[in-house]
Amino acid sequence: MAAALQVLPRLARAPLHPLLWRGSVARLASSMALAEQAWQLFESAVGAVLPGPMLHRALSLDPSGRQLKVRDRSFQLRQNVYLVGFGKAVMGMAAAAEELLGQHLVQGVISIPKGIRAAMERAGKQEMLLKPHSRVQVFEGAEDNLPDRDALRAALAIRQLAEGLTADDLLLVLISGGGSALLPAPIPPVTLEEKQTLTRLLAAHGATIQELNTIRKALSQLKGGGLAQAAYPAQVVSLILSDVVGDPVEVIASGPTVASSHSVQDCLHILNRYGLRAALPRSVKTVLSRADSDPHGPRTCGHVLNVIIGSNVLALAEAQRQAEALGYQAVVLSAAMQGDVKSMAQFYGLLAHVARTRLTPSTAGASVEEDAQLHELAAELQIPDLQLEEALETMAQGRGPVCLLAGGEPTVQLQGSGRGGRNQELALRVGAELRRWPLGQIDVLFLSGGTDGQDGPTEAAGAWVTPELASQAAAEGLDMATFLAHNDSHTFFCRLQGGAHLLHTGMTGTNVMDTHLLFLRPR
């Protein structure tokens, strides 16, 4: 925990104490204690997936310093290593890789979000920064996570480096969340603007993320295995920090080192489904027709080793250990929470209510209908490997307070023009749900935070709430329903008690989706 505190010092100094809560002194003290513990667990989750430590766990040099070991594989070193990377956590990964490889690293090019280097410098996170005379060239682009001309220049520099490699070289590819927007390189004559327009059209017509990625890959020089193909015949080791539910390597950053399993016919089927085939620019039609007649067939990536070095699972495992050290019965519900944020908030609210009857047997039990409703909500969300029964059994055993942990990436359907992100929206909706159910003699706190430290276009990582949220808001003249109707969760939490419920971590330098914590403690 000491290491985590050093890494994320702003968490420890978050504005928890100057709270202006109503209620008894005992309730205030209890809520503040829970809030402090929530900060501590969130901090430990983020600290477990920082890029440097994860990279060092995946890579090592043999005692002679002449072989690079990657899990159970070894690669000969003779000043023949090149490095490329793209994503929110890549700068810290590159700094750790350069320190490890020393003189064996010849050259590198990385593409990172605009402003992240300055943010790391301001936060004093020297371990995330490259040395002044680094061999790695840094490009910053993709402002607001959108591909732009700066990101395109970075992608072309990465392609040029990869294409110059030989069979004696080793290319180390560093990938993390946000990598797709930082690696835009449309196949000519398709322009960046044309590709963006088509992507927006598909999204507006209701295309899924899988369908969007299928089209992106077909029109990209580097995605869908394109980067690996450009680097051939060099050996390629791809180290991946996952920000996608289930850690599918072909989806993370659109799979630049993974052969695409989709054909041109798949793309045409998608375009026909949304009535967009006739409206395609001539350039897109040209690229698709070329691919359809490519004599080389589909790309293969037999010269590539893809390794997941960090994920939401690791973050949750560390938070679970910390919760147990604090005396909680801790259960990880799932690392793959997904689905509509409204349904997810209903699930967490009802779970807290059902938990009350397990933790305090003297109270009236939850009805059969409420139990059934909880399971129906879980089925509706289609959460893989949901450990709901284990969580309910743990609560029924009544061996003290319980902490339920989960991770993933819910979705928000925008209806208004307010400011916020999925974590703040989820927290606000859970706060609204908690007032619907009698929670009796248990203290409840829910926290949702993005491990990258930035929830949507805001400076907060997320927020935390208790069942008293509604009364606190009413006391300050804040109508929760109005803020929710406008997707304006950030404004709500900024106004509530001077922003005391917001998580302010700054950019963390990592990204493994979101962390949800539900504390349930009998009084």
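**Backbone exceptions and accessibility in a predicted model**

Student: Why is Ser254 called buried?

Tutor: Ser254 has a relative accessibility of 1%. Buried means under 20% relative accessible area, exposed over 50%, and partly exposed in between, with a 1.4 Å probe and protein chains only. Ser254 therefore counts as buried. The model is predicted, and local features need pLDDT of at least 70, side-chain atom pairs count only at pLDDT 80 or more, while totals for chains, interfaces and linings use all residues. Residues are numbered from 1 along each chain as its sequence is written, and side-chain values use heavy atoms, with hydrogens and water left out.

Student: Is Gln382 buried or exposed, and why?

Tutor: With 62% relative accessibility, Gln382 counts as exposed. Gln382 also has a positive phi, near 55°, and is a residue other than glycine. Its place is the loop between α15 (368-381) and α16 (388-396).

Student: Which peptide bond of Pro189 is cis?

Tutor: The bond joining Pro188 and Pro189 is cis, with omega about 10°. Pro189 is in the loop between β7 (170-175) and α8 (192-204).

Student: What is omega for the cis peptide bond that joins Tyr232 and Pro233?

Tutor: Omega is about 15° for the bond between Tyr232 and Pro233. Pro233 lies in the loop between α10 (226-231) and β8 (235-241).

Methods
Helices (H or I, at least four residues) and strands (E, at least two) are DSSP runs, numbered from the N terminus.
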